[in-house]
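Please look over the sequence and the structure before reading on.

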Amino acid sequence: MNRILSTRAAELKPSATLAISAKEKELKSKGVDVIGFGAGEPDFPTPIRIREAGKRSLDKGETFYTPVAGTLELRKAIAERFSKDYGLKYGVENIVVSCGAKHSLYNIFQAIVDPGDEIMCLAPYWVSYPEMVALAGGRPVTVDTSAARGFEPEIESISDKIGPATKAIILNYPSNPTGVMYSIEFLEKLAELVEKKDLLVISDEIYDKLLFDGGSYTPFATIPGMKPRTVTVNGVSKTYAMTGLRIGYLAADSMEIVKATTNIQSQSTSNPSNTAQAAAAEALSGPQSEVIEMRNIFERRRDLMVELLDQVPKLSFVRPQGAFYVFVNISNFLGSKGMLGSSDFAAHLLEKYHVACVPGGPFGSDDHIRLSFATKEDVIIEGIKRIKTACEELRHE
Ligand SMILES: Cc1ncc(COP(=O)(O)O)c(C=O)c1O
């Protein structure tokens with residue numbers, strides 16, 4: 001056999017963010033004092049009430065398959081959160097629970113993409129969107145944005161790229177990797193365009209509860225006229241520090257999408273873990289005070305990281321309004337030491353200064369690196385000190 005892999009598997013890139021986390025863990029296990037700015041997950045333990053709910057479920061013997069789209073208990077808890085938090089009315093039949101928001105997104109692209117269909121990704125975008133679209137046989141089409149406009153796309157740039165093959169637009173605010181939010185004006189103008197061009201919107205709202213500066217969140221489905229066109233994706237990973245438990249979900253008015261994603265899941269994972277679903281139901285329906293506490297800690301860390309980064313000459317960034325990332329422009333250093341792009345810069349930081357970060361290339365900007373502040377304050381102080389030293393040494397070459 002001279003060709004084992006399918007073309008689509010052979011062309012698939014591994015997740016850049018997970019690769020950095022693995023490298024960071026490997027160096028740490030060898031005793032290297034690595035500063036980890038690569039993490040895409042909260043560093044807090046899952047709150048006790050949530051862990052206890054998982055344990056109780058196991059003790060009750062809930063170890064069997066669940067309904068494909070998730071337990072009724074969890075889907076009710078999700079529907080109630082949408083209603084309480086945003087006044088969004090979804091029935092339990094509109095919700096499909098999967099093994100993480102990443103899996104929900106994967107199912108959605110498998111459900112809506114035919115070969116040649118175009119799905120629009122607004123750069124900088126989360127690394128997995130273009131890869132998942134391509135894996136489904138579609139064509140990711142990217143729309144560039146600029147730091148000068150706070151990474152908010154221009155409606156004309158989006159409109160220019162819409163053609164007969166365009167099927168959907170992916171939104172993600174606050175954004176991974178930039179932490180920026182979109183303005184209501186932008187969302188409203190986008191809604192007009194979406195209506196006019198008859199498109200679907202996949203709104204990845206996984207960071208909706210990690211919003212700083214007293215900001216309030218506007219889900220895309222609450223923009224007038226948009227609920228029937230929107231598939232909202234969310235999950236418990238980031239909000240409740242539950243990344244390893246793997247629970248995410250989608251909510252959609254379109255029963256076609258709900259049924260198709262459920263069918264796809266029925267032929268792949270069957271259902272998400274029963275135990276994790278019980279824990280997620282408790283996360284969403286119990287008291288929400290830990291969410292605020294964790295958010296406040298992230299906000300203090302954001303303040304610290306941007307204050308320190310401001311003191312590093314020749315680096316620039318847009319102040320993040322949410323999530324736990326700063327997307328730092330390193331273009332002033334490209335060209336020195338044979339560094340051609342963000343991967344070279346990230347490798348230089350890791351090898352010489354033992355600071356792990358994620359290169360911006362896989363997010364759609366090779367002029368940037370992504371620093372995560374989902375780590376302790378002393379780590380942030382030491383890490384930015386090392387980055388400052390690295391930048392000063394590069395400047396004086
Ligand atoms: C923008 C975005 N969407 C989705 C996910 C996936 O989250 P989950 O852990 O629920 O699969 C992540 C995780 O990094 C993310 O940053």
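## Residues with positive phi

His354 is partly exposed, because it has 18 C-beta neighbours inside 10 Å and a residue counts as buried only from 20 or more. In this predicted model, His354 has a positive phi of about 55° although it is not a glycine. His354 sits in the loop between helix 12 (342-353) and strand 11 (355-356).

Lys314, also not a glycine, has a positive phi of about 70°. Its place is the loop between helix 11 (289-309) and strand 9 (316-317). Lys314 has 13 other C-beta atoms within 10 Å and is partly exposed; the exposed class requires 12 or fewer.

## Cis peptide bonds

Ala123 and Pro124 are joined by a cis peptide bond with omega of about -10°. Pro124 belongs to the loop between strand 3 (118-122) and helix 6 (128-135).

A cis bond also runs from Tyr173 to Pro174, where omega is near -10°. Pro174 lies in the loop that links strand 5 (166-171) and helix 8 (184-197).

## Packing of helix 5 and helix 9

The axes of helix 5 (residues 101-112) and helix 9 (residues 255-266) come within 9 Å and cross at roughly 110°. Helix 5 is therefore roughly perpendicular to helix 9. Their crossing is right-handed.

Helix 5 contributes Asn107, Ile108, Gln110, Ala111 and Ile112 to the contact, and helix 9 contributes Ile257, Ala260, Thr261, Ile264 and Gln265. By class, the contact of helix 5 with helix 9 has six nonpolar and four polar residues, with no charged ones.

Notes: Residues numbered from 1 in each chain as written. Predicted model: local features only at pLDDT ≥ 70, side-chain atom pairs only at ≥ 80, totals over all residues. Axes fitted to C-alpha atoms, helices over the stretch in contact; angles between N-to-C directions. Helix = DSSP H or I, 4+ residues; strand = E, 2+ residues; numbered from the N terminus. Parallel < 35°, antiparallel > 145°, perpendicular 65-115°, else oblique. Left-handed = near helix turned anticlockwise from the far one by under 90°. Contact = placed C-beta atoms within 7 Å. Nonpolar A, V, L, I, M, F, W, Y, C, P; charged D, E, K, R; others polar.
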